[in-house]
Amino acid sequence: MQRVWCRDLPATDMLVRGARVVDPLIGLDAVRDVLVRKGVVTAVGDAVETPKGVRVVDAAGCLLLPGFVDLHTHTRVPGREDEEDLTSVSRAAAAGGYVAIFAMANTDPAVDTAPVLESLQRKAQAEALVPIGLFAAVTRGLQSAELTEMWELAEAGAVGFSDDGRPLANCHILRRAMQYLKVTDRFIAVHAQDDSLMGAGVMHEGAVSARLGLAGIPTISESIDVARSLEIAAYEDGRLHLCHVSTARSLEHLALARQSGVRVTAEATPHHLTLTDEAVESLDSNLKMNPPLRPESDRKALVEALRSGVIDCIATDHAPHAQQEKEVPFEEAAFGTVGLETAFAVIYAAMVPGKQLSLPVLVERMSQAPARIAGIAEPTIQPKRPADFCVVDPRATWQVTAASLHSKCANSAWLGATLKGRVKLTVAAGRLVWEDGA
Amino acid sequence: MAKRDLLSMTDLSRADVELILDTAESFLPILHRDIKKVPTLRGRTVVNLFYESSTRTSSSFDLAAKRLSADTIAISAKGSAIDKGESLKDTTLTLSAYSPDIIVIRHPAAGACQLVARNTGASVINAGDGKHQHPSQCLLDLFTLRQTFGRDLDGLKVAIVGDILHSRVARSDISGFQMLGMRVSVVGPPAMIPREIEAMGVGVDYDLEKLAEADVVYLLRIQQERMAEGANFIPSLREYTAMYGISRARLRKGQKVMHPGPINRGVEISAEIADDEDTLITQQVESGLAVRMAILYRTIVGFSESDAQEAV
């Protein structure tokens, strides 16, 4: 069944020569030439001959990787097209090396009926460079009161269900949703948060919030909801996905549940994997996110969980916000950072050279693992498979600025930073959707 | 000379703090003359931008500027364009068009003065931002302590008692007091002590058992809004007073009592102690004027003598 939609662009013919091709699905890590004809990979090998009229891209020193898949994008469509639309978000995705992204349902109106879902699919077919899939809401209007028509939404092509942005307010509604999942083969993605503990919190509760006098978000706000959700998933044998896990304690609950056979997957964001609450000392509102940046001990636990597979995948939680929602005092600013264009560069630079994470594992966590969770074909570099890849120059540096980002919003946690690792080109669903400098 | 902001006590070195205190001391005689005005900052402009109600801080910054002959503009949230929904950034750009030398700002949200500082050429002085910092209060507290105990405050012990969690005064005082070698502990109901506050190098107590060890007992007001139904920071004001209220019986003779005001007589402080001669509350208010004159002066003329020569 179709899970993603995009514009019908001309299929690509291209020979990418001399890149290091890393495809963990088939255990490939070697310098290869990759030939694409009419959007399909036709040859992977040494010194592939150039067919007449086919463009050759010299990629010596670059990486050619299965394209990335983001399970957690806020496209802001419908309702906040001033912040992002499907054209801008898909261009940002393409520039970040993504070949598929999945949109969260907390829009205005929410994606809680099949007609809304179907209208977005048509919009994606008209506007999206990169294939876009859609989450549907678990409850109508994200109110945690009434279930959406989950069967009809699944039939219409929803990838899964989520009220992300909001937690499910009580155990009963999550249980009912888990029960009803049995009529579909989808999953529920939860934003784990106990509102009574979150309170008016704006950053991680700890030594830095004590010093800054900012209301804290305790780790237990997340871990209690993680534990609760795992218990319900176990009891109902429902398929659960944990969004943006940020605390060591949540990971302990998660690891235990996996051992006992609970059907659960989990994601971590680039910002939680690379930044800590110490950065909030600057009171820069681009560092305000929910869940908040945590201390180094949590960050380290998250990296280890990503390495070991307790965390399945990296997801961006790409959350564009208009300038007037971020250019206010820290305490009053909206939560969230954009992330599609910076994800690979920040994680690669922070973890691969220092060997906290191998490149094949990073690629698996950004590409094939999220594809499996979403139920789409895993991007892979093999003959007869559609071309879904990106070419990255790991030596190239670039500065994150409002002008260098393709998202409509510049609320990046890395705004102003110089990053190492640049996506040179992206081929998604056999179409060239991004070429640096083109 | 690059513009200098005072957003947090951590913006100041020990030498800066001592210079401000010495400058304040040199201004003190002016306040006791018949003509309480000097021409030092004539032609300079100070904007007082207050998003929160304030009696002593706004009046003392205003008077401090006037004593130094600066022109002042006072903007409060009520009755200005802020009432009409103007953003802090736009208000800052508007006021900056008058090219003020200093913007003094009080705001209910931490991060407000950083935002103002990024959007103006004026020097920004934080007069209280949320629960974050209140550096001029810390400096006037230090000045009061110097007047009481002499210039060397090294080793002096202070117990800060009350709602530490919501107190910007506590945060500024902890760093400022420690900078001058004082030892600080915080005392209060457990939910009003921030988690991991020990990382700031303070002792933590949940009762008054060790209060006698302190040379100075620094009281904080229990704010009524913290008593909202369901907040449950403490069970009742009555119980707070019973456990933490400071009365004669709980003080050692000679222990000094301070409070940033406004006080709640009969809650955190008994009426008898509020009026006691070992209580430094009115001295703190007096210090406030001289210290804020010194802050304005140093912010404009600089922290070194060569800067000062150039500016005056």
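Analyst: Let's begin with one working term: two residues are in contact if their C-beta atoms, placed from the backbone, lie within 7 Å. Please keep in mind that this is a predicted model.

Is Ala24(B) buried or exposed? A residue is called buried when 20 or more other C-beta atoms lie within 10 Å of its own. Ala24(B) has 27 C-beta neighbours inside 10 Å, so it counts as buried.

Which residues does Ala24(B) touch, once its neighbours within four places in sequence are set aside? The contacts are Phe143(B), Ala290(B), Val291(B), Met293(B) and Ala294(B). Take Met293(B) as an example: 269 residues separate it from Ala24(B) in sequence, while the two C-alpha atoms are 6.9 Å apart in space.

Now let's step back to the domains. The assignment for chain B gives domain 1 as 9-133 + 287-311 and domain 2 as 135-284. Notice that domain 1 is written as two stretches of the chain. The centres of the two domains, taken over C-alpha atoms, are 26 Å apart. Where they touch, domain 1 of chain B supplies 22 residues and domain 2 of chain B supplies 22 residues. On the domain 1 side, the elements that give two or more residues are α1, β4 (123-129) and α9 of chain B. The top contributor on that side is α9(B), with six residues.

The largest nonpolar core has 198 residues, and the residues with the most contacts inside it are Leu64(A), Val130(A), Ile132(A), Leu134(A), Phe135(A) and Leu296(B). Helix α9 of chain B, residues 281-301, gives the most to this core, with 10 residues. From chain B, the core draws at least three residues from each of domain 1 (9-133 + 287-311) and domain 2 (135-284). A separate core of 37 residues lies apart from this one, and it includes Ile164(B), Val184(B), Val186(B) and Leu251(B).

Setting aside neighbours within four places in sequence, Leu134(A) is in contact with Phe102(A), Ala103(A), Val111(A), Leu117(A), Leu120(A), Ala158(A) and Val159(A).

Back in chain B, there is a sheet to explore. Five strands form an open sheet in the order β7-β6-β5-β8-β9 of chain B, with parallel pairing.

Zoom in on one pair of strands. Strand β8 of chain B, residues 216-219, pairs with β9(B) in the parallel sense over three bridges. Within that pair, Val216(B) stands opposite Lys256(B) in β9(B). A helix packs on the sheet too: α6 of chain B, residues 168-179, touches β5 (157-161), β6 (183-187) and β8 of chain B. The direction of α6(B) makes about 155 degrees with that of β6(B).

Finally, how does chain B look as a whole? Chain B holds 10 helices and nine strands. Its C-alpha atoms fill a box of roughly 55 × 45 × 40 Å along the principal axes. A compact globule of 312 residues would have a radius of gyration near 20 Å, and the 19 Å of chain B agrees with this. Buried residues make up 46% of the 312 residues in chain B. Among contacts in chain B with a separation of 6 or more, 73% are between residues 24 or more positions apart.

Definitions and conventions
Residues numbered from 1 in each chain as written. Chains lettered and ligands numbered in written order. Predicted model: local features only at pLDDT ≥ 70, side-chain atom pairs only at ≥ 80, totals over all residues. Helix = DSSP H or I, 4+ residues; strand = E, 2+ residues; numbered from the N terminus. Rg over C-alpha atoms; globule rule 2.2 N^0.38 Å. Buried ≥ 20, exposed ≤ 12 C-beta atoms within 10 Å, placed from the backbone. Pairing = 2+ DSSP bridges. Axes fitted to C-alpha atoms, helices over the stretch in contact; angles between N-to-C directions. Core = buried A, V, L, I, M, F, W, Y, C linked by C-beta atoms within 7 Å. Domains from an automatic or database assignment.
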